[in-house]
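I am opening a page for this chain, and I want to set down what I look up in the order in which I look it up. The notes go from sheets to helices to cores.

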Amino acid sequence: MGTKKLETEPYNLMTSDEKMLYDVIILGGGLMGSAAAWHLSNLGENVLLIEQQGQNYHKGSSKGMARITRSSNIEDNALWSILNDRSVREVQNMIRYLNRKGVKMTIEDIYTTTPISYIARQEELNRLVRNLERQDVHFEIATTPEEGKAKFGVKLKEGTFLQREYKTNSGTFSPQKLIQALHQAITLQGGKIMYQTEAIGIEREGDHYKVAARKTKQRPQALFARQLISAAGAYTGTLLRHRAPYFQSLIRPKRVFLAFFELRDGHWQHLNPEQKAQLKNGFPLIDRSPHDQAEEFFAMIENYDAKGNPTIKTGGHFQRSSVKDPDDIWGQKLSQEEIYWSKAKLVEYLKVLNLPIEAMHIKLVDQYSCIYSLTDNEVPYVTQIYDENLHKEKNFVVIAGLSGVGAKGAMAYGLIAANLLLGQRDADTLSQDVIAQLGYDRMLKERSKT
């Protein structure tokens with residue numbers, strides 16, 4: 001097999017006299033990379049996880065203390081439900097391992113089990129109900145303003161419906177806490193994590209891979225492994241530009257903004273207990289009722305302060321703009337138009353909840369720009385790559401294109417990647433059909449179109 005010269009060779013890579021050869025190096029220590037590293041270390045592999053941030057993970061679409069997780073879905077296949085439900089089970093397995101090692105933790109430390117609300121147009125109702133009947137989930141639906149008032153105490157707009165999912169571990173979960181737990185479990189199993197280390201090049205060397213990695217303010221060094229996983233998020237295209245350059249056209253990074261709001265001047269204390277309960281039970285929310293897809297809105301309670309006042313995180317999956325350099329995005333401030341949109345959508349939903357909260361009662365307390373990495377159909381890839389000779393590289397797996405749907409299924413994506421490297425088939429809920437929707441043949445087909 002031919003090799004390509006590393007762009008980093010002029011950096012005079014450091015290599016120790018006794019070359020350490022890992023079983024697997026995972027590039028990217030966010031949710032997906034950490035999940036893969038955990039599964040592999042738990043199966044006895046000698047694992048190295050490389051993460052360019054520190055132990056306090058603060059960049060990426062996984063930033064913050066809350067992301068939405070739900071089992072029900074409106075799509076005609078059960079892909080997202082299967083990935084979500086399996087991910088929850090794998091978190092439970094990891095927590096049991098940590099408990100055996102003396103780490104006190106419960107799944108409730110990661111998942112917040114509140115109802116999740118879903119609002120959409122009436123024309124989507126039949127498809128949703130048909131799919132819900134095939135899923136193991138308890139739900140209630142209000143299809144008219146009258147039902148909305150009677151069941152949930154809300155003011156539904158004509159032509160919309162509200163579905164609420166009631167299922168243990170559906171609602172929100174904390175990506176930060178899950179990453180921290182995964183890293184703890186990885187190290188307890190003997191895996192190694194290198195923080196503040198950037199992978200800057202990949203080369204095939206005989207029967208293994210050489211990774212050029214640069215720790216902050218240090219010379220690049222050479223790391224070696226028999227197998228690789230890339231879970232580099234928005235940096236996938238750049239990282240793989242020599243090894244698998246086609247990912248630069250298969251994956252498109254897009255900026256998405258988040259705005260965080262609180263009630264101002266003690267307004268939270270002015271609400272009565274029933275109104276506070278109504279607000280709490282009304283989040284998290286996904287609102288797909290507008291006809292313009294770009295107006296899809298999500299919101300969730302990020303945390304509560306000492307007085308119980310909630311911070312509400314808001315955003316829109318389809319509020320997207322182009323990305324030239326990912327490093328320029330994380331600190332980018334929101335425009336006034338973006339802040340106005342976020343606030344207006346939140347106030348609109350608070351009126352649906354029948355709460356006496358106006359725009360003057362809420363204030364912006366934080367903002368954040370993150371990056372979604374998108375495929376054309378917004379279904380991610382978990383696949384092996386092919387080399388310059390069009391041969392599948394069974395020892396190199398990429399997890400990419402997670403969009404806004406990656407977090408809730410992170411443990412399942414990591415398990416699929418681990419199984420691909422080890423040549424194992426999952427005997428449980430991850431059917432071959434599910435894996436195929438994410439996998440190699442699909443990647444080849446979509447690559448041929450670009």
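Which strands does helix H10 lie across, and at what angle does H10 run to E13? I find that H10 (residues 336–352) lies across E5, E7, strand E13 (252–263), E14, E15, E16 and E17, and that H10 runs at about 55 degrees to E13. Helices (H or I, at least four residues) and strands (E, at least two) are DSSP runs, numbered from the N terminus. For the angles, axes are lines fitted to C-alpha atoms, for helices over the stretch in contact, and the values run from 0 to 180 degrees between N-to-C directions.

Before going on I note the basis: this is a predicted model, in which local features need pLDDT of at least 70 and side-chain atom pairs count only at pLDDT 80 or more, while totals for chains, interfaces and linings use all residues. Residues are numbered from 1 along each chain as its sequence is written, and side-chain values use heavy atoms, with hydrogens and water left out.

**Entry: the eight-stranded sheet**

I traced an open sheet of eight strands in the order E6-E7-E5-E14-E15-E16-E13-E17, with mixed pairing; two strands count as paired if DSSP finds at least two bridges between them. Strand E6 (138–142) and E17 stand at the edges with a single partner strand each, so one side of each is left without a neighbour in the sheet. From one strand to the next the twist averages 20 degrees.

Helix H9 (residues 273–281) packs on this sheet and touches E5, E7, E15 and E16, its direction making about 120 degrees with that of E15; contact here means heavy atoms within 4.5 Å. E15 (residues 297–304) is joined to E16 (residues 310–322) by six bridges, and the two run antiparallel. I noted Phe298, whose bridge partner in E16 is Gly315.

**Entry: strand E5**

Why is E5 described as largely enclosed by the rest of the structure? Six of the six residues of E5 (residues 116–121) are buried, so the strand is largely enclosed, where buried means under 20% relative accessible area, exposed over 50% and partly exposed in between (1.4 Å probe, protein chains only). Six bridges join E5 to E7 (residues 160–166) in an antiparallel pair, with Arg121 opposite Thr160. Three bridges join E5 to E14 (residues 285–287), and these two run parallel, with Ser117 opposite Leu285.

**Entry: the three-stranded sheet**

I also found an open sheet of three strands in the order E3-E8-E4, with antiparallel pairing. Its edges are E3 (67–69) and E4 (111–112), each with a single partner strand, so one side of each is left without a neighbour in the sheet. E4 and E8 (residues 171–173) pair over two bridges, and Tyr111 stands opposite Phe173 in E8.

**Entry: strand E12**

E12 (residues 221–230) is mostly covered, eight of its 10 residues being buried. E12 pairs with E1 (residues 21–27) in the parallel sense over six bridges, and there Ala225 is the bridge partner of Tyr22. Five bridges join E12 to E11 (residues 208–215), which run antiparallel, and Tyr209 stands opposite Ala225. E11 and E12 form a hairpin with five residues between them, and Lys217 in the turn has a positive phi of about 65 degrees. Three bridges join E12 to E19 (residues 392–400) in a parallel pair, with Ser230 opposite Val398.

**Entry: helices H2 and H11**

H2 (residues 79–100) and H11 (residues 410–422) pack at an angle of about 85 degrees with their axes 6 Å apart. The two helices are therefore roughly perpendicular to each other (angles under 35 degrees count as roughly parallel, over 145 as roughly antiparallel, 65 to 115 as roughly perpendicular and the rest as oblique). Among the residues that meet are Trp80, Leu83 and Met94 in H2, and Met411, Tyr413 and Ile416 in H11. The residues of this contact divide into 10 nonpolar, one polar and two charged; Ala, Val, Leu, Ile, Met, Phe, Trp, Tyr, Cys and Pro count as nonpolar, Asp, Glu, Lys and Arg as charged, and the others, Gly among them, as polar.

**Entry: cores**

The largest nonpolar core has 58 residues, and those with the most contacts inside it are Ile25 and Phe247; such a core is a set of buried Ala, Val, Leu, Ile, Met, Phe, Trp, Tyr and Cys residues joined through side-chain atoms within 4.5 Å. Its largest share, five residues, comes from E17 (residues 362–374). Apart from this core lies another, of 55 residues, including Tyr97, Ile110, Leu182 and Tyr195.
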